Amino acid sequence: MTELKPLDALDASAPAYTRAPIGLLAELTYRCPLQCPYCSNPLEMERGNELSAEEWCQVFRQAAELGVLQLHLSGGEPTLRLDLEEILEGAVAAGLYTNLITSGVTLTRERLERLAKIGLDHVQLSIQDVDPDNAQRICGYKGGSEKKRAFADWVRELGLPLTLNAVIHRQNIENLPAMIDYAVQIGAGRIEVAHTQYYSWALKNRAALIPTREQFLKSVEITNAAKERLKGVLVFDVVAHDHYAVRPKPCMGGWGRSLIDITPTGKVLPCHACQDIPGISVDSVREKALADIWFRGEAFQKFRGTAWMKEPCASCDRREIDWGGCRCQALMMTGDACNADPACEKSPWHEEFAAIAERESQAPAPPFIYRRIGGVIA
């Protein structure tokens, strides 16, 4: 693995707008006991050859030197790494703020306590629904709701801050008020109301997941009312539904502007789904220093800034607000990743994009397509 190099030897030729990244998403493994039909892991997931704990610790040292502040330990299910304690120790030693993103179904209280003693700063717990039967149907894991509730209690007992992540879709959207109440009940300080983003496995299940426009707008009203009612109690982060939008979201806060994603085998990405873009060249931390990849890696340069933009993005007064939106969504809908994100009302493909949601959401929901290989969750 490439040894850490001094930053002053790396950033002299970096474009003037390139700043240090704020966050690093460390996908420790793609293994997971759940089989959520909206899984964001790649369609063709990497098998084996995961970065070792020692390699991850060196990545964290490089990240801290680069200027990263926040580390998100994710997956798959990161707690399936038997060396998670060693990985966390390296992150704490590097001085990073650590957030464990987990389904909460595999950890024991004793192990969570060990992680807390090592210096874990924050926990993000995902739920599929507050209705146990529906949650089990969505993720294919029996008894998950009971384990998640017990896990949330342990987090609170150990004094760790807790965020609740709820991915919202037509199969659970009517229970959004109950999910918000649940966040308060378990002592979460933050809830992420994340409307499903239709990439990767979620795209295969879009017809089963996409809510109607009326359901989505009602969920916005519910969320806004809850924000007012729970001021000082619960902070809301909302990931909006793209198909019913008129403006796109900045991809990862803007391509190559604030976040880095590293896969289990060490590939460094500006966006977790960008490997689907034809011709994109991705570097590995096993071959190059992280700072070198961030400043000069081809994948990070490809859609960084505005020079790559076509019309209507190129002359849009929001081009340095949304940074063109999602490149993967543009590719999926138009065949060209440089085209305008179809979520934007200025895109020539916007009406067709919105019509997909109107059509599929009004039809009966088909069964989920679960990700299994030989009866085992992939």
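**View 1. Lysine 231 and its salt-bridge partner.** Lysine 231 is exposed in this predicted model, with a relative accessible area of 58%. Its side chain meets that of glutamate 228 in a salt bridge, at 3.4 Å from N to O. Glutamate 228 also counts as exposed, at 54% relative accessibility.

**View 2. A salt bridge between glutamate 345 and arginine 247.** The closest N and O atoms of this pair are 2.8 Å apart. The two residues link distant parts of the chain, being 98 residues apart. Glutamate 345 lies in the loop between helix 12 (327-334) and helix 13 (350-362), while arginine 247 lies in the loop between strand 7 (235-239) and strand 8 (259-262). Glutamate 345 is partly exposed, with a relative accessible area of 44%. Arginine 247 is partly exposed as well, with a value of 30%.

View 3. Lysine 117 counts as exposed, at 66% relative accessibility, whereas glutamate 113 is partly exposed, with a relative accessible area of 28%.

**View 4. A network of salt bridges.** Arg31, Glu50, Arg81 and Asp83 are linked in this network. For the model as a whole, the count comes to 22 salt bridges, where a side-chain nitrogen of Lys or Arg must lie within 4 Å of a carboxyl oxygen of Asp or Glu.

Note on methods: Residues are numbered from 1 along each chain as its sequence is written. This is a predicted model: local features need pLDDT of at least 70, side-chain atom pairs count only at pLDDT 80 or more; totals for chains, interfaces and linings use all residues. Side-chain values use heavy atoms; hydrogens and water are left out. Buried means under 20% relative accessible area, exposed over 50%, partly exposed in between (1.4 Å probe, protein chains only). Helices (H or I, at least four residues) and strands (E, at least two) are DSSP runs, numbered from the N terminus.
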